[in-house]
Every structure is written in structure tokens, then in C-alpha cells.
Amino acid sequence: MRNLRFWAFALLIGLSLAGCQETPERVKENMKSYGENPQLAEPEVTYCSVDELREAKLTDTDNGNLILPEDVDFSAIEDIGILHIKIEDGFLDDGNIEKYASLFQIDREGFVEGEASGLGRCITYGEGEEDDYMNICENGGMAYIAKHNSSPGTGEAKAEYSLAKDDISGVFVDFPDGSVSLPRFCQDIERWMDREMPIEGVSYKVSDVAVRGQDGGKDTLSMCVEYEYKGIRFNNHTTPLYGDTYYENGDVDLLTTYFMTLMDFGSQGVPSFFTRNESFSIESSDPITQVVDLGSAIKVVKDTMSGFGISKIQEILPLYIPYTPEHSKMPGKKIEARPVYAFLTGKDEEETPDRLVSGLGRYRHFFLVDMVTGELWTDLEMERKG
């Protein structure tokens, strides 16, 4: 159990976080590593309205030799902006401690105070091998492990679902306390998070589910929940980009990061495993009325990819990418989330991690085209550490 608690807390730290019209300077500096490759010259871009983007189809674009997915769907986009975000800095008030201790049925009096490098002040419950475990941090990060949850994501995956692609309308999960419709259960969990962990303007969307078989013929379920703002998800598809120093005084030097929540369920109640890295608020949004059109974004990627000998894109998604100006997991840090077209290349099946319940690690490379500036950055030429 001690190792599992360390794993959960390492996840809380390792999956952690991070404004202005310009792409952050440190990202631009990394782009210099592209060198003199003539294929990387930025092509001219054209723009469209948000209304036009909602209707965009790949059949209307010139793909050249680029192999793209069958189509894209931007119809859910309501508005687009550059978001100015603040990491929570007062989460350890009496009300929150009481609320979340009660929610996960933890004895509030059993918490012990401490510090977590890069996360600020934290309180922790559960030192014995048979105890439930929980920590709550000043920046809104939380982890919970029920004593009967031997490890997160255990058991063979009987079925895995990406809710953006797969039809789960007839799928049922056979929990020990009864069978439940998976679509209904996912909706219940989204409502539960909206109610218990509200972020103004942000909605929670279950993105990926793994149903796992256990001894006795019953099921458990692993789930990833993404965050959505006005029809665009926050990044949970591209792994972080790091600065020149991966660790410095115990902190991770991040350029970009992502938001998500991971959970396991052994019944229809509260999760038996829960982890998120932070909570945050959207302080303001600079509205964008004209964005780089899809055809221009494809041209930017096509001209760049040809220089790397890559020709196939698995998915094209609109995402908000959070940019980190400095060590930014600490409470109160300000970050900027920018809208991008994310062009994602797939991994071979044997390279994909087993029991994957998150978009992270599913893709080999990414090409991100800023919807405002048309600038492109990719992990192929940026230094990625860790």
C-alpha cells in the first residue's frame, strides 16, 4: 500500500501544471532548434470566422500527400479565446477540508500537515497499511485510494472505449453491487464532478473508459475525465514539454502541460481511486473572432512534416494548450491557455501502453498549429525530458 500511495502522489506531482497574445518566448526559443531546414519556412495563412470553423470539413481542403483521418468535427465549438487561468491558491480552507473529507468518508481529525515540493501546503491521511489514503493540497490537487483498491488500473481490460469514437449505448458494467449502464454511469460521474468539484465555465467530460475483469466474474472500471470550455477540451493528448532544466530545486520546469482527472470504480458509489493535479479558475478570456482556417493549418503541418518523412495523421482536434511561464504547479500561479489545432500521429499497436485510460501516451508525435498566429510547434524538434 505504501508503494501505491507513493505512486498516487508522484502522479499528482508528475502530471502537474502551468498570459498575452504572443506565443511564450521559451517556446519560440525552442523552435530555433529547427535549424535551417527549408521545409520549415512558415507558409502564408488565411483566416475564417468561428462560425465557418464549426462547419469545416476535410473534403474542402487540399491535403496533398498528407494522409488524414476521414474527417473532423468542430461543431461543438461555441467560442474561442485566449484564456487567462489561475491555479487555486486557497483550497485548504476549512470548508473544503470538511467537504472532501466527508465526500470520501475520511476522518478529518486524522489529517497530518506537510509540504509538497512544487505544490505548496498539503494535508495527508493514512499511514497504516490498511488505512484509506488521501491528500489534499493548497493548489486543489487531491488523491484518494480506498484500502480495498490494491492498485489503480488493475485487472485485465475486457474492453476499452474512447467515447468520442465508440458506441457505448448497449454497454453494461457488472459491478459487485449491481449492473449499470455505462452511458448512464458516465453521465452520473460528469454530474457528480460538476456538482462536487465545480470550475466556473468548465464542464467535465468522460473521455476514456476501461472495463476490467476481476476474480469472481465481477467488473471494475477505470475512467479518464477531461475538462471542456465552450466546446474545446483542455489538453490531455500531448505529453508535457520541458524547459532546459527538468528538475531544479525539486520543481519541474514546464513549458506546456495538461489537465485531467483519473478514477477507478469498484462499485456505483464514490471512486476507489481518484487523482487530479490541481484546481483552477478562468480569470478572463480574450475573445478571438477570426482564426487560422483548417486548410491553412493543414498546409503548415504538411510543409513541416515533409521535412521529417511523416505522412499520416491519426487525429485532428481543437485543444486548449496550457502554457507555463515558470515553475507553475504552485498555488496562485498564472498561466495562459491557447487554442490550437492538434495534429496527432498514432503509435504502432505494440508501442501503446497496456491499460491506457488517457489520451496521454497514445500518440507518437504532435504538431500544434496556433489558431491565432498560425505558428507551429512539435515535439520532434523540441527537447523533451523525463
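Colleague: Which residue of β22 does L368 stand opposite?

Modeller: L368 faces W377 in β22. Strands here are DSSP runs of E with at least two residues, numbered from the N terminus, and two strands pair if DSSP finds at least two bridges between them. By that rule, β21 and β22 (residues 376–378) pair in the antiparallel sense, over three bridges. This is a predicted model, in which local features need pLDDT of at least 70 and side-chain atom pairs count only at pLDDT 80 or more, while totals for chains, interfaces and linings use all residues. Residues are numbered from 1 along each chain as its sequence is written, and side-chain values use heavy atoms, with hydrogens and water left out.

Colleague: How many residues lie between β21 and β22 in the hairpin?

Modeller: Five residues lie between them, and G374 in the turn has a positive phi of about 80 degrees.

Colleague: What pairs with β21 besides that, and over how many bridges?

Modeller: Strand β20 (residues 334–346) does, in the antiparallel sense over seven bridges. Y341 has V369 of β21 as its bridge partner.

Colleague: Why is β21 described as largely enclosed?

Modeller: Buried means under 20% relative accessible area, exposed over 50%, and partly exposed in between (1.4 Å probe, protein chains only). Seven of the eight residues of β21 (residues 363–370) are buried, so the rest of the structure largely encloses this strand.

Colleague: Which cysteines form a disulfide?

Modeller: A disulfide is a pair of cysteine sulfur atoms within 2.5 Å. C122 and C137 form one, with their sulfur atoms 2.1 Å apart. The link joins distant parts of the chain, C122 in β4 and C137 in β5, 15 residues apart. Both cysteines, C122 and C137, are buried.

Notes. Helices (H or I, at least four residues) and strands (E, at least two) are DSSP runs, numbered from the N terminus.
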